[in-house]
Amino acid sequence: MNLTLLILVPLITAVVVLLMRNKQQVKWISLIGATVQFVLALALLFAYRNEVASGNAEQFLFQQQYDWFPSWHISFHLGVDGISVAMILLTAFVVIAGVLVSWNIEKMTKEFYFLLILLSFGAYGFFISLDLFILFFFLEIAVIPKYLLIGIWGSGKKEYAANKLALMLMGGSALVLVGLLGLYFSTAERTFDLVKLSHLDIPVYVQEICFPLLFVGFGVFTALFPFHTWVPDGHSSAPTAGSMFLAGISMKLGGYGCLRVAAYVMPEGAKEYANIIIILSAIAILYGAFATMMQKDLKYMNAYSSVSHVGFVLFGIGMLTKTAITGAVIQMVSHGLMTALFFAVIGMIYERTHTRQVNEMGGLLKVMPFITTVLFIVGLCSLGLPGLSGFVAEVTVFMGGWEHPDAFHRIATVLACMSIVVTAVYILRAISRTAMGPIKESYSNLTDARWNEKLAAIILIAGILAIGVAPFWLNDLIKPGAEIIMQKFSMVP
Amino acid sequence: MNEFVTLMKPELVITIIIFLLLFIKLGKGIKNDLLLSIIQNLLLLNLAIGFFFNAEGTLFDNMYHTTKLIVFQKSILNFGVYVISLLFAGWFKKTEHLAEFFMLMLSALLGLDFLISSGNFLIFFLSLELATIPLAAMANFDLEKKISSEAAMKMILSSAFSSGILLFGISLIYGATGTINFAELPFKLDGNPLQILAFVFLITAFAFKLSIVPFHLWTADVYEGSPIATTSFLSVISKGGIAFVLISTLYKVFQPMQEVWYNMIMLLSVITMITGNLFALRQQNIKRFLAFSSIAQVGFILVGITANSPEGTSSVVYFILIYTFSNLAAFGVASAISSQTGKEKIDDYKGLYQTNPLLSWVMALALFSLAGIPPTAGFFGKLFLLTAGAAKANYGFILFAALNMIVSLYYYLRVIRSIFMDKNEQPIEKIHIHPSTKFAFIICSAGIILIGMLSWIYDYIQSLTQ
């Protein structure tokens with residue numbers, strides 16, 4: 001399987017979209033592009049499973065390497081392991097759903113789709129790069145489209161939110177950059193290559209400086225407390241597809257970076273700072289959950305609950321056990337699908353009722369059964385109902401945390417567990433106020449979901465169910481990657 | 001004789017063009033349209049000749065020297081001047097004294113070329129004067145505007161002042177070492193206090209020309225008052241040329257004093273970046289805005305210069321190449337708008353995208369490149385400057401520079417926000433863009449997108465510095 005296809009397809013789609021003249025063409029081209037990406041991602045999944053089943057024990061499969069700036073020892077090095085395949089699948093799911101949900105965008109349609117596709121280009125490139133320079137390149141590519149998406153098509157205090165998001169994310173990537181330069185100059189090899197770096201001995205004092213830089217830098221992307229403040233504003237001001245991409249894909253860039261770059265390359269640093277990570281992420285989990293309880297706006301609710309849910313990713317990484325890391329990756333995929341679906345539903349409701357305030361709604365089940373059913377499903381997934389993906393992910397993280405016998409880890413795990421109760425409170429309250437009760441006069445002639453919205457929802461629900469009902473395939477996919485990361489930790493005295 | 005022609009070819013060609021323009025001017029009056037296309041073609045020819053029959057060597061007893069890297073640097077400057085001749089066609093056609101403007105500009109270019117090639121402080125000083133005095137006349141070219149004369153006055157006074165300081169520095173160097181020859185100086189420099197004092201005067205003169213803080217005060221007023229064609233020459237060509245010279249002076253001549261100048265340049269870089277950025281935050285006029293942003297960019301160039309390695313040279317040359325494309329594109333858009341509507345405020349750009357999508361995209365590309373956002377070339381330029389600087393393992397400094405990129409992003413995004421997001425009842429009407437300006441926009445946009453991607457460009461520059 002040729003991995004360059006994964007970045008070429010979005011690139012070509014984006015260029016073709018720019019050349020199109022009318023809105024219909026733009027939409028269809030984007031949809032075709034997203035479908036091709038989706039098929040490619042599935043093909044990658046099967047190709048990867050075939051390779052592994054046929055006994056290929058290499059860490060990164062389908063590697064490709066081209067020289068790029070040879071004088072800096074930078075090469076265009078691509079390759080995937082199970083973790084990246086999972087993230088690519090997630091991206092493909094969210095992209096196709098995002099394109100479908102935005103079908104009714106009237107304002108500057110061409111530019112809107114161009115930016116969406118450009119964002120997906122950045123995300124795919126990020127997940128398949130094995131050279132830290134190009135990884136950084138793709139990470140930064142994904143920032144400015146978000147700024148424009150929020151600033152142009154957003155709602156509410158969009159300029160403020162867009163600015164805050166762009167500056168905070170760029171601040172994060174500045175930290176990442178300095179950390180990467182530190183890594184680059186720490187070894188005699190002068191290399192950005194992830195595979196090479198992981199086999200080199202990086203001096204402990206370098207790890208102690210570079211690990212926090214890289215972890216916090218990527219952490220900003222994934223709402224590490226206290227750098228989460230862009231999340232509520234950014235998510236709630238973004239257009240529907242923008243929020244889906246932000247929460248579904250973009251926050252996962254950070255989680256993946258924390259795991260793959262910071263923790264994997266610098267195990268000593270990770271051990272050193274693990275307790276701080278656990279404390280910060282436990283705060284994020286609890287704080288996010290309680291903050292959600294206070295929200296009245298559906299989008300703000302989901303944004304704060306994202307802070308809480310994404311906290312589990314960093315929590316799992318901080319635990320440094322195989323189970324917890326597997327759980328963290330499952331949580332990334334699960335939360336990506338779930339939150340994308342949640343934002344999609346909120347977008348659908350908002351488009352019809354023109355409000356996102358929970359108090360102003362009610363009885364929507366009567367007029368839009370499909371949309372409300374989806375809201376039920378996604379809500380239950382969020383509060384961790386068995387059979388849906390959220391349960392699998394969170395349970396795995398907790399089990400991983402409980403593997404540590406000492407009091408600190410166990411207390412942290414128990415505290416994090418408690419957030420589930422809070423989640424149940426706010427989710428059930430929001431759903432009951434929205435869906436049940438008497439319906440307002442003005443809402444009585446609203447229509448249900450259209451074909452594109454139904455299709456988007458069904459695709460994402462399929463993903464959630466596939467993980468929830470049969471988690472073993474995702475687990476098998478991630479396990480080898482997690483094992484290799486664990487091997488690095490076990491070598492640390 | 002033959003060697004004289006091949007080595008001094010860039011300067012000779014420019015001199016011939018200046019004389020040609022002089023004769024054209026003396027003859028019967030030619031329409032501006034025709035004259036402009038003649039000039040454009042001559043400059044294209046000048047650029048093209050720069051790629052052929054190049055040689056390395058020295059002339060006049062080491063007074064003049066040239067290498068492949070120097071030829072390449074001169075080609076960057078030639079290219080910039082050619083783009084300027086295309087970009088501001090709208091303004092040039094209205095100017096009464098078109099031939100004179102180009103004669104002055106080419107004289108300044110000639111000065112810069114000699115400056116880059118100089119091997120002796122004497123020719124260094126003479127060519128620096130040649131490179132700055134015509135600029136004052138160019139700054140005065142908006143004859144009916146008072147602000148333009150004011151700009152010229154500030155320009156000439158500050159450059160006279162800095163020349164004086166430079167001369168004083170040179171005389172101290174001669175007093176301390178007994179030579180002004182670049183080839184002999186490194187063997188005589190040992191970093192004693194007198195030499196350090198002389199060096200401080202020299203750096204001050206450089207700082208004036210490059211508008212390094214705290215010697216930047218003339219910059220914003222001159223940029224604002226001058227016609228945009230002059231401003232862009234000042235901020236791109238003149239800055240680029242002098243940065244090239246600063247590098248070779250520091251790396252070759254003052255190599256024995258590198259501990260001294262490392263700290264000095266680092267300090268200047270820190271205060272230049274932060275001052276340029278903080279002042280750019282509050283500017284309303286697009287020319288002043290670009291002036292302060294270019295001050296911040298110079299701070300970045302200094303980060304690369306601190307590297308004191310071949311990578312330092314190549315990353316600075318690479319950055320200036322990219323900066324030429326990006327900054328000229330930004331000035332081009334500003335000029336297209338101001339020459340037709342007279343509007344120069346950032347707030348006037350509100351809603352520009354509704355009426356002028358092409359100009360908006362070019363501006364966005366240019367600003368993203370200046371801010372260092374991928375996939376534009378500016379990203380690679382800035383990253384390589386930082387990487388080169390990081391080799392000194394001074395990570396606090398590098399982190400400071402990286403965080404400054406965030407500050408600069410804020411004000412670049414402010415312009416982007418005006419163009420794309422803000423609503424305006426009466427946006428700027430549809431601007432008619434001169435065909436040659438359009439062509440220049442295409443060149444600049446292509447450069448901004450491609451220079452970063454095509455890694456052989458950087459590798460070529462790197463190979464020149466070995």
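**Interface of chains A and B, and the cysteines**

About 3400 Å² is buried between chain A and chain B, with carbon and sulfur atoms giving 79% of that area, where buried area is the accessible area (1.4 Å probe) that two parts lose on being put together, summed over both. This is a predicted model, in which local features need pLDDT of at least 70 and side-chain atom pairs count only at pLDDT 80 or more, while totals for chains, interfaces and linings use all residues. Residues are numbered from 1 along each chain as its sequence is written, and side-chain values use heavy atoms, with hydrogens and water left out.

**Contacts across the interface**

- Chain A brings 33 residues to the contact and chain B brings 40 residues, contact meaning heavy atoms within 4.5 Å.
- The count of salt bridges between chain A and chain B is 0, a salt bridge being a side-chain nitrogen of Lys or Arg within 4 Å of a carboxyl oxygen of Asp or Glu.

**The side of chain A that touches chain B**

- The residues on this side of chain A divide into 24 nonpolar, 5 polar and 4 charged, where Ala, Val, Leu, Ile, Met, Phe, Trp, Tyr, Cys and Pro count as nonpolar, Asp, Glu, Lys and Arg as charged, and the others, Gly among them, as polar.

**Cysteines**

- Over all chains the count of disulfides is 0, a disulfide being a pair of cysteine sulfur atoms within 2.5 Å.
- Cys381(A) is in no disulfide, and the nearest cysteine sulfur, that of Cys417(A), is 17 Å away.
- Cys381(A) is buried, with a relative accessible area of 0%, and Cys444(B) is buried as well, at 1%, buried meaning under 20% relative accessible area (1.4 Å probe, protein chains only), with exposed over 50% and partly exposed in between.

Conventions
Chains are lettered from A and ligands numbered from 1 in the order in which they are written.
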